[in-house]
Structure formats: C-alpha cells, structure tokens
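Reader: I am new to this structure and would like to understand its side chains; could you take me through them with care?

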Amino acid sequence: MYKVTMLAALLMGAFSAQAATVYTGDKIDGNPVISKLDVDDLEAGKVYRFMFQGASNGISQHWYVPILVAKGAQSGPKLGLQAAIHGDELNGVRVIQQVFEKLNPAELKGSVVGAIGANPSGMLANNRNWQLVNDGGDMIDFNRIWPGKEKGNTAEQHAWLLWNNLWAGNVGMFVDMHTQSRGTEYPLFIYADYRNPQVKQMAELFPADQIKADPGEKGSVETTFVENQIPAITLEVGKPKLYQPELIARSVTGVHNLMIQQGMLTGQLGATAQQQKTYIGNEMSSIRAEVGGFAEILVKVGDGVTKGQKVAVQRNAFGDVIREYTATHDGKVLAIGDDPLREARGLLVRILFTNPDPQCADGC
C-alpha cells in the first residue's frame, strides 16, 4: 500500500511540476510557438514574446497571433490587451507596442498580456472581417462570435482557442482595441457597460473624447468578458488603416492610468476623462443614406449639433442635391462617413446624446 501511494504521489508531483504553458516545439522568427498560455507558469521579472497557435486554415496551416507578456517581479492584477479583432483596425497595434516599450517588469506588480493582431485572416485580406474559404468564400464578423465554438467554423474555432487557451485564467480586466471601419471615423471613444461599477471606473481612467454607457453587444469580446465577471471595455481609437499618434498616445495614457489605479505601477495618474472633459452619452442615433450618391458631410467628429441642424447632403453625378439630412437629436458628432461614395444605408453621421429616460441611464 505504501509503495502504491508513494508512486501515485510521485506521479502527481511530476504532473503538477510540468509547465502549464504548452510549447509546440516550433519557432517563428525565433519566437516560441505556444498553443496554451499560463502566466503563472512563467518566471517573474521578464518580458516574453510568443506566437500563439490558432485555428487551421484551408491549406492546413495555422493562423498565428503575436503575443507579448510582461510578468512582474511581484504578484498582482492581470491585464489583457487585444488589437485588430477587426483586421483593418490598426491603431491598437501601436498602442500595445508602446505600452510594452514603456514597461519595466522589475517594477511591475502583476502581469500584462498583449495580443497583437487577433484576426490575422482579416488583416492579410485588408478587411475588417474574418475570411472563410468554404464554398467559394465568405466573411464573418469576428467580434460577434465570442467565446467561439470548439467545433465551429474556422473563425469560431480561432475565437474559442483565444478564449480558452490564451485569456482564460490569465486576465482579470481587459481592453479590446478597435477603430471605426474603412470609410468612417471615430474620435477616441469607449463603449462601456455602466451597469458594472468596475467597468465605469476603467472607462473614465482614459482621456477619451466620448464614452457611451452601453449594455453591450452579444458575441462581442467586451460583452463576453463582462458576462464572465471580467471587467472590460471596447476602446475605439479613431480611424482605420492609419496610425494617429495623438490618439495612440492618449490610449497609452489610459492604459497606464488603469495600471496605476490597480496598483500594478507606481506614479501619478495622467489625464483622465475628467481632465479631458469627456462627453458621456447613453444613446446613439445613426443618420444613414437613403439612396446612393456622393455625400458631403457638413460636420466634424466632436462637433456639437442641435436637432434639425443640416449635417449632410447627397448629390448625383451632375452635382444636383438629391437628399439633405438633419440631426435627429441634440448631442455630439460621434462618427462620420468620410468616404463620399455612399449607397443606401451607408453611415453619414452618428450622434451620441443623453436620453433622459431612466430606463436608458446605463445605455440604450
């Protein structure tokens, strides 16, 4: 009996001593490939570079996501950062790079994990959506299928692997970074579920131009984390396919503020929503083209507008005005369509405003 018990104990000890981070044995550009991350398994006081092995594609190769991990010298909170869930939304890539450029793991309490380019399929296709190859090809919004499916299509499998093998157990708060889509633009803007006090606090640590108190979108990264008791925000960093240094810098300030507030770093907070005089609303109104034509937007992102104010016109090829559009509410211009070619339902102007209905206090 003693021998059996001793053998079992030895086997259990050997198993528990095995690294929980799973290395495939491959390297890409000198960086180890992992199929599972466990930050607790890593040596403290270091920064790591990995390639995370995602779903396989139509030619039986894997999609890979570059991962940065800063493991602090002391234990503490766990922060996750992710960019390019939509493949043409790239400002967040530079935000994560700059956050890590400034991090000293010897002075860090806790850990930071950054996923740079979570949607490699969309990035390589120069498109916001994940590209599927079955039956002549299709596309799927990679920010509407979380937490994914183990036996789903390629995009669903990739989301499932990220959720279960990268983020699970490795984050206690999360910032998912986006921009507006091509042909449109945002300021520095945040979607935040204000029903959750921790989420509200996170959002207002960022010197954003505008914040929407928002109940979330089912299947989005942000909502999936919040539903699983992990505070998260969606950070929209301006325009697609363009680095905007000022918005990137303010985003980095917000991440640093979050880390200081959580005790991960020492120092003074930088500018927050209070100093930025961030406009906080709880409802949006999207003014969309009714017909096809050349659109001229008469307002800028961040402008204050009043109900009934003319905000856009459309012309035909001869320059004749075929439609005029007015503001639906008093509020702030949150987004505009900056591509003149607009078909029916194309976004012209989006207005963020405050709906006084108590049912909309935390977002409509």
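Author: Buried means under 20% relative accessible area, exposed over 50%, and partly exposed in between, with a 1.4 Å probe and protein chains only. This is a predicted model, in which local features need pLDDT of at least 70 and side-chain atom pairs count only at pLDDT 80 or more, while totals for chains, interfaces and linings use all residues. Residues are numbered from 1 along each chain as its sequence is written, and side-chain values use heavy atoms, with hydrogens and water left out.

Reader: Are Phe-174 and Phe-225 buried or exposed?

Author: Rings of Phe, Tyr and Trp (its six-membered ring) pair if their centres lie within 6.5 Å, and planes under 30 degrees apart count as stacked, over 60 as edge-to-face and the rest as tilted. Phe-174 and Phe-225 form a stacked pair, 4.0 Å centre to centre with 10 degrees between the planes. As for their accessibility, both Phe-174 and Phe-225 are buried.

Reader: What is the angle between the planes of Tyr-186 and Phe-189?

Author: Tyr-186 is buried, with a relative accessible area of 5%, and Phe-189 is buried too, with a value of 0%. Their rings form a tilted aromatic pair, 5.0 Å centre to centre, and the angle between the planes is 45 degrees.

Reader: Why is the disulfide of Cys-360 and Cys-364 left-handed?

Author: A disulfide is a pair of cysteine sulfur atoms within 2.5 Å, and those of Cys-360 and Cys-364 are 1.6 Å apart. The disulfide is left-handed because the torsion about its S-S bond is about -95 degrees.
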